[in-house]
Amino acid sequence: MMAGAIRRLSQWYSIPLVLLLWQLAVTSGLVESRLLPSLGRVWAALVEDMSSGALPYHTGVTFSRAALGFTLAAALGVPFAAAMARSATVRNLFEPIFFFGYPIPKIALFPVFTYVFGIGSPSKIAFTCLECLYPIVVTAYLAFRTIPNRMIWAAENMGASQQTILRRVTFPAALPGIFAGLRIALPIAIIVVVLTEMIGDSRGLGYYIAVSGTRFAFQNVYAAILVIGVCGFVLDRAMLSLRRKIVHWQRGETA
Amino acid sequence: MRIPVAIQHWIVPVAVLAAWEGLGHAGLLPRYLSAPTLILAALWEVTSDGELVQALAASLYRVSIGFVLGTGAGVAVGLGAGLVPGVRHFFDPLVSFLYSIPKIAFLPVFLLLFGLGHASKISIIAFSCFFPVFIASRHAVLSVDKVLIWAAQNMGAGGPRMFFRVIMPAAAPQLFAGVRIGLAHAFVILFAAELIGSQGGLGTLISEGEDAARFDLMFAGIVTFAVLGFVSDRILMAIRRRVLRGQIIGTVEQLVR
């Protein structure tokens, strides 16, 4: 018990240490307090905007956009990847779009999205969906394609129909790969929403950060960063535990 | 009759471009979707008056310096964290907290620290490249097959030799994966930073085209930016293929070239 606590402390000491250095830098006047507000002021800003409802509101906007874009990408991407893995025609038509298009910085298209979908939520959701689609489709596609043929042959040999094979063999075998893609896409969704909100919006945490920055209210910038960090961490853990539940036969390589 | 695969690959892009061009000329598309030929004309226009070269140079300067600094720091600290438990225990909690935060959120801080010019972009690009590269390098060192290390030790390999001849080659594939993610991050951050607060660069070219309702200019900037990102990735992958000669055979990569 005690030894465990000490080990834990020895592995997590750096966060309190950095916070301590932060506080020392501010109170000693080494760093301009406007740029690096004291921890107390960050906490006060966090508590104030939490209770006034401003932060919960913007957080809700940001994460519901991210969730919608992400879910849309998963719902479109996984079946599409399966179709690409199965049909040579679909594969030949779309493989270059995904593999060639993968390294293209799609963020450059965001201005066009704001014209097509308007400046509010729809353009952000659509763009998040596009950004998430790439890692989801590519990893799921590779997962579907690298399923050993003998698994499918064995199922066919035992008289399984094509539908049963898809449901009972192909899909479960590809699930770890699918989850790997989803786990890559989740932080991308959050990054993209915050970023596009910073470029132009009147709601969401990105907007909150941009506005606080121009007002030199850096305690609010850090408060928002803290909120994003905590929510991102919780979502990632939720994704991992979902993966453990669904891909229960494969343990050990969750981290 | 079967259409050759190489031609099938081109069907969708060519169809989209042709439809875009045709519908654009028929006046069926909104004005902000400039037809591809108009975009080419705009590209020629900004190339010949030197505007594009200037913007491209500014963006390229920011992204390359930021990427090199961030990647260098990420590899160095990441390898350190992989090799030395003390370094690992110091950086792991900090990185795992900061990793999930979009680095662009720190842009106001960097803007105040370094102003609107090159320095703020370079530093935030370096900052955001650091994390994926750090994680990949750290992980790469830790997942080197113990048997390889034991074998080398048994044959009398010491510190530097072990590092350069055993650990680095074994860690290189994962390390490159991290660097590639870092490169992608660099371009995303570059674009956002240039749109939000900047002087010069492709982002400025795009937003100027937008403000003047010259959508062909906006697209010229977008196309240049996309090509820049794409070409950078290709160069990185070419370097990777050269460095990892022989290590790629037998992996999924053969599926997708």
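**Exercise 1.** How many residues of domain 1 of chain A are in contact with residues of domain 2 of chain A, and how many residues of domain 2 are in contact with them?

*Solution.* Before starting, note that this is a predicted model, in which local features need pLDDT of at least 70 and side-chain atom pairs count only at pLDDT 80 or more, while totals for chains, interfaces and linings use all residues. Residues are numbered from 1 along each chain as its sequence is written, and chains are lettered from A and ligands numbered from 1 in the order in which they are written.

- Step 1: chain A is divided into domain 1 (1–36) and domain 2 (37–246), with bounds that come from an automatic or database domain assignment.
- Step 2: nine residues of domain 1 of chain A touch five residues of domain 2 of chain A, where contact means C-beta atoms, placed from the backbone, within 7 Å.
- Step 3: on the domain 1 side of chain A, the touching residues are five nonpolar, three polar and one charged. Here Ala, Val, Leu, Ile, Met, Phe, Trp, Tyr, Cys and Pro count as nonpolar, Asp, Glu, Lys and Arg as charged, and the others, Gly among them, as polar.
- Step 4: the C-alpha centres of these two domains of chain A lie 32 Å apart.

**Exercise 2.** Work out how helices α4 and α10 of chain A pack.

*Solution.* 

- Step 1: find helix α4 (residues 54–86) and helix α10 (residues 205–214) of chain A. Helices are DSSP runs (H or I, at least four residues), numbered from the N terminus.
- Step 2: their axes are 7 Å apart, at an angle of about 130°. Axes are lines fitted to C-alpha atoms, for helices over the stretch in contact, and angles run from 0 to 180 degrees between N-to-C directions.
- Step 3: α4(A) and α10(A) are therefore oblique to each other; angles under 35 degrees count as roughly parallel, over 145 as roughly antiparallel, 65 to 115 as roughly perpendicular and the rest as oblique.
- Step 4: α4(A) contributes A:His58, A:Thr59 and A:Thr62, and α10(A) contributes A:Leu205, A:Gly206, A:Tyr207 and A:Tyr208.
- Step 5: sorted by type, the residues of this contact are three nonpolar, four polar and no charged.

**Exercise 3.** Is B:Ser123 buried or exposed?

*Solution.* 

- Step 1: locate B:Ser123 in helix α6 (residues 118–142) of chain B.
- Step 2: B:Ser123 has 21 other C-beta atoms within 10 Å, so this residue is buried (20 or more is buried, 12 or fewer exposed, in between partly exposed, with C-beta atoms placed from the backbone).
- Step 3: leaving aside neighbours within four places in sequence, B:Ser123 is in contact with B:Phe110 and B:Phe114.

Terms used. Two residues are in contact if their C-beta atoms, placed from the backbone, lie within 7 Å. Helices (H or I, at least four residues) and strands (E, at least two) are DSSP runs, numbered from the N terminus.
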